[in-house]
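Visitor: Could you walk me through this structure? I'm new to it, so please take it one topic at a time.

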Amino acid sequence: MVTKHMKRSMNHKPIKIKKINKHRFDIYMLFTRHPKIEMHTEELEHYSNEDDSILGLILFDYIDMDYNYLLMCRDENKQFRPFEVKVSYPNIEKVREILISKIRWHTLNNLKIVNQKLPKQGVDLFNILVEDNKLHPYFVKLRNHDQFLSSKRTIIEIGNHLDDIDGNFIEQFQTLNGFDSRIWELYLFASLIEQKFRVLREYDRPDFIVEKNGVQIGIEAVIVSRRKENSPSSFIIKEQKTEAQLNSELENDMPLRFGSTLFSKVSKKYWELQYLKDKPLLIAIADFHDDLSMTWSFTALLDYLYGKKHVLEIDKSGNQLEKIYDIEDYVKSNGQKIPAGFFFQEGIGNENISGVLFTACGTIGKFTRMGIQAKFGIENQSVLRIGTKYDHNDRAFIPAPFCYTVDENATETWSEGLNLFHNPNALNKIDKELFPEIAHHEFIDGRIISYIPDFHPYSSININIKSVDAVK
């Protein structure tokens, strides 16, 4: 006798279940995985059906010393949530067999969404809300070019978890005036979640209030933005500045840019908000003032924050020496002098700023690489990452170069390359243990002391190549 179930099975092609890598699973689940789950379980294997509508996870439970599995499907907000959990299997072979069978069963029954009766959340960042002539060219690239499919898919997954508190996130993400700022906020959101912070969204300012180990921190995001006469046009690299031009900008112009941007946020006095009183407050700044500017402007921020310039000099014997010079001020085009040493300026409330977060890596390139690690890219695409990193050799005075092919075996994290510059005069200091995966910089006894992860890039670029078939 042929049952209804057998007829339905015979009318469908075989359902394939695939093993997926942790990078892919992390992008799907990073924002809904509870940070404490790692305390008593270990994730062993990750699975999905062909269209990734159902995910499967095999866990080992250290408390009961047995194996468990979870099945996950999207909820009404497109976030993955567990809908089936089974525990207490004696070996991984048995739990794997059952998990794969269950994914097939639910796929056959066309399970796509499990309604959780949750409040509305998430933003559709590629739902066009503005006229074409107002779209940022980088957004257009993300939306239309398959070389940036990995970036787009990664950004879409992050967008599923955002609350648009201001009501204009989508519009600004698409436009000339807001794209860079919103990319920076998307990066920070992913990085903070990866570092196991809980993001609190009850208030509309500052941009983030996060909590970890009972400590709440306010974080306001800001960028050094482009001037109107220097609007972006494409991803094509313009003619590069000479070394003399870069040194001139690093000496005076860039510190002034950073200073003006930071001062604009200090003037907001977020520390006076009742819910931020006596809590650490960070300013997260990124440099988007020109194409590739984030690859060279790092030292200008360091100089400005602490009023100290580190210079590599070579003595008569050819030995390399690091010299530290005090910086008194910078000069604007109108002749006005602006004091150096942001953390040491008095009378503007700087003691309420616990530190400054900065990275050169919070760009589209980061989303591209993270997406390719998750196998979100296209088959005929090759991405080469080239950059400079901190050299842990005690005798090294300059960054070391690095280069590698980005693929599913790469190990980049969201927080890789992130720096926290601590304010020595802060009223509410930040415990470095709250950010254990990033670089920390402190001012101790007149010197900047840095604590650097094993791999810490200063900057990098992607060489993004799409191969095409030869014309016959």
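Guide: What follows is a talk about sheets, helices, salt bridges and a surface patch, and it rests on a predicted model.

Visitor: Okay, sheets first. What is the strand order in the open sheet of eight strands?

Guide: The order of that open sheet is β6-β7-β8-β9-β14-β17-β18-β19, and the pairing within it is mixed. Its edge strands are β6 (198–200) and β19 (447–451), each of which pairs on one side only. On average, neighbouring strands in this sheet are turned by 30° against each other, with direction ignored.

Visitor: And how many bridges join β14 to β17?

Guide: Four bridges join them, with β14 covering residues 355–358 and β17 covering residues 419–422, and the two strands run antiparallel. If you want a spot to look at, find L357, which stands opposite L420 in β17.

Visitor: Is α9 largely enclosed or open, and why?

Guide: It is largely enclosed by the rest of the structure, because eight of its nine residues are buried. The buried residues in α9 are F298, A300, L301, L302, D303, Y304, L305 and Y306.

Visitor: What follows α9?

Guide: The helix is followed by G307, whose phi is positive, near 65°.

Visitor: Switching over, what is the order of the open sheet of three strands?

Guide: That open sheet has the order β16-β15-β20, with antiparallel pairing. The edge strands are β16 and β20 (457–466), and each of them pairs on one side only. Here the neighbouring strands are turned by 15° against each other on average, again with direction ignored.

Visitor: How many bridges hold β15 to each partner?

Guide: Between β15 and β20, which run antiparallel, there are nine bridges, and T388 stands opposite S459 in β20. With β16, strand β15 pairs in the antiparallel sense over six bridges, and there the bridge partner of R385 is Y404 in β16.

Visitor: Which helix packs on that sheet of three strands?

Guide: Helix α10, residues 364–373, packs on it and touches β15 and β20, with its direction making about 65° with that of β20.

Visitor: New topic, then: how many salt bridges does the structure hold?

Guide: It holds 25 salt bridges. One of them is formed by R24 with D52, where the closest N and O atoms are 2.8 Å apart. This pair links distant parts of the chain, since R24 is in helix α2 (residues 22–29) and D52 is in the loop between β2 (41–49) and β3 (54–61), 28 residues apart.

Visitor: Are R24 and D52 buried or exposed?

Guide: R24 is buried, and D52 is buried as well.

Visitor: Where do R226 and D290 lie?

Guide: R226 forms a salt bridge with D290, and their closest N and O atoms are 4.0 Å apart. R226 lies in the loop between β8 and α8 (243–266) and D290 in the loop between β9 and α9, so the pair ties together parts that are 64 residues apart in sequence. Both R226 and D290 are buried.

Visitor: Which residues are joined into one network?

Guide: Salt bridges that share partners join K366, R369, R385, E412 and E416 into one network.

Visitor: Last one: which residues make the nonpolar surface patch?

Guide: L312, F397 and I398 make a nonpolar surface patch of about 260 Å². I398 has its place in the loop between β15 (381–389) and β16 (400–405). With a relative accessible area of 52%, I398 is exposed, because the cut-off for exposed is over 50%.

Technical notes
Residues are numbered from 1 along each chain as its sequence is written. This is a predicted model: local features need pLDDT of at least 70, side-chain atom pairs count only at pLDDT 80 or more; totals for chains, interfaces and linings use all residues. Side-chain values use heavy atoms; hydrogens and water are left out. Patches are made of residues with over 30% relative accessible area and no salt bridge: like charges are joined within 9 Å, nonpolar side chains (Val, Leu, Ile, Met, Phe, Trp, Tyr) within 5 Å. Accessible areas come from the Shrake-Rupley method with a 1.4 Å probe; for residues, only the protein chains shown count as cover. A salt bridge is a side-chain nitrogen of Lys or Arg within 4 Å of a carboxyl oxygen of Asp or Glu. Buried means under 20% relative accessible area, exposed over 50%, partly exposed in between (1.4 Å probe, protein chains only). Two strands pair if DSSP finds at least two bridges between them. Axes are lines fitted to C-alpha atoms, for helices over the stretch in contact, and angles run from 0 to 180 degrees between N-to-C directions. Contact means heavy atoms within 4.5 Å.
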